[in-house]
There are 2 protein chains.
Amino acid sequence: MDNLYLALVHFPVVNRKNDPIGSALTTIDLHDMARASMTFGVRGFYVITPFQDQANLADQVIRHWTQGAGGRLNPGRKQALELVRVTQTFEAAVQQIYTERRQPVVTIATSAKKHKNSVSTRKVKQHLAGKASHVLVFGTAWGLAQELMDKCDLQLDPITGTGDYNHLSVRSAAAIYLDRLTND
Amino acid sequence: MDNLYLALVHFPVVNRKNDPIGSALTTIDLHDMARASMTFGVRGFYVITPFQDQANLADQVIRHWTQGAGGRLNPGRKQALELVRVTQTFEAAVQQIYTERRQPVVTIATSAKKHKNSVSTRKVKQHLAGKASHVLVFGTAWGLAQELMDKCDLQLDPITGTGDYNHLSVRSAAAIYLDRLTND
């Protein structure tokens, strides 16, 4: 598998009142999701923020681990952070993915809530066997704004556990989805 | 399932040179692993540290979310943090688990490295169908010290992805194991 990408969206997302907002970067998201990406063969991990100061913060973190002291101390972290790419918009990320592989890009939204047409990870796994690029899209804060959800080609079933509690961290959700999508 | 517990060990663990150390608390571990615990029906999540200042920090975090302003703003987080219990030693956690259910306690060590006798999550799932209590044990820093690994009743297979990279965060690893153990 060399056709799966991750995207972590900081705008447009919603707050707990479901108002559209832009969220601040949580640097541990970059680490955890990059490490999970390396583990499960993700080709690139896009961190999407329109805010210049937040993009600068992401760049600082990435540089520390890919070119600075961090990577010399911890080569495993260096490998992971090398997968991270920062863009201002979701559209720019999709465009870069298209440019990289010259294949159609299938965008797959994730959510903690059930979407009326959502598909199973099994279904997405079948898609991944094809040639198209696929990007699994995660929202920060209280999740992706509806407008972005609706714009995606597919909506993935939420992760359900043993009850109806649905408050996993985005870091945990990404790890579980990647495991489900790549293991038998 | 009402017989699964989680433990996060801060001593004895090892550093990157494999020297035995005690590690500092990472507060996001409490949040992420508590949220995954709530999601997958874990009965209690033990945070184990012999250091009084670290135990105090854990207590502060827990109180903020279970009794303070945090829980009023975010009831989902309150529910999760209510699962967290702090003990000084691993043995004290096992004793508490025994006292709670009056059933044998099966201890299951996790590691990013393959242990010679390690068992699959499928095998552990079969165990969980029985009456005994089970505790899934995670190490912070560079993982559980060998002495604690060896003391556990079972060693769980490491999570393998699509290659040989094995540097998931403990938060991601816990989420994946819980998903594998509780879903079909």
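A: A:Asp2, A:Arg43, A:Arg85, A:Glu100 and A:Arg101 are linked in a network of salt bridges. A salt bridge is a side-chain nitrogen of Lys or Arg within 4 Å of a carboxyl oxygen of Asp or Glu. This is a predicted model, in which local features need pLDDT of at least 70, side-chain atom pairs count only at pLDDT 80 or more, and totals for chains, interfaces and linings use all residues. Residues are numbered from 1 along each chain as its sequence is written, chains are lettered from A and ligands numbered from 1 in the order in which they are written, and side-chain values use heavy atoms, with hydrogens and water left out.

Q: How many salt bridges are there over all chains?

A: Side chains of opposite charge can pair when their charged atoms come close. By the rule above, the count over all chains is 20 salt bridges.

Q: Which residue forms a salt bridge with B:Arg171?

A: The partner is A:Asp32, with the closest N and O atoms 2.6 Å apart. This pair crosses between chains, from helix H8 (residues 170-182) of chain B to helix H1 (residues 27-39) of chain A. Helices are DSSP runs (H or I, at least four residues), numbered from the N terminus.

Q: Are B:Arg171 and A:Asp32 buried or exposed?

A: Both are buried, that is, under 20% relative accessible area (1.4 Å probe, protein chains only), where exposed is over 50% and partly exposed lies in between.

Notes. Helix = DSSP H or I, 4+ residues; strand = E, 2+ residues; numbered from the N terminus.
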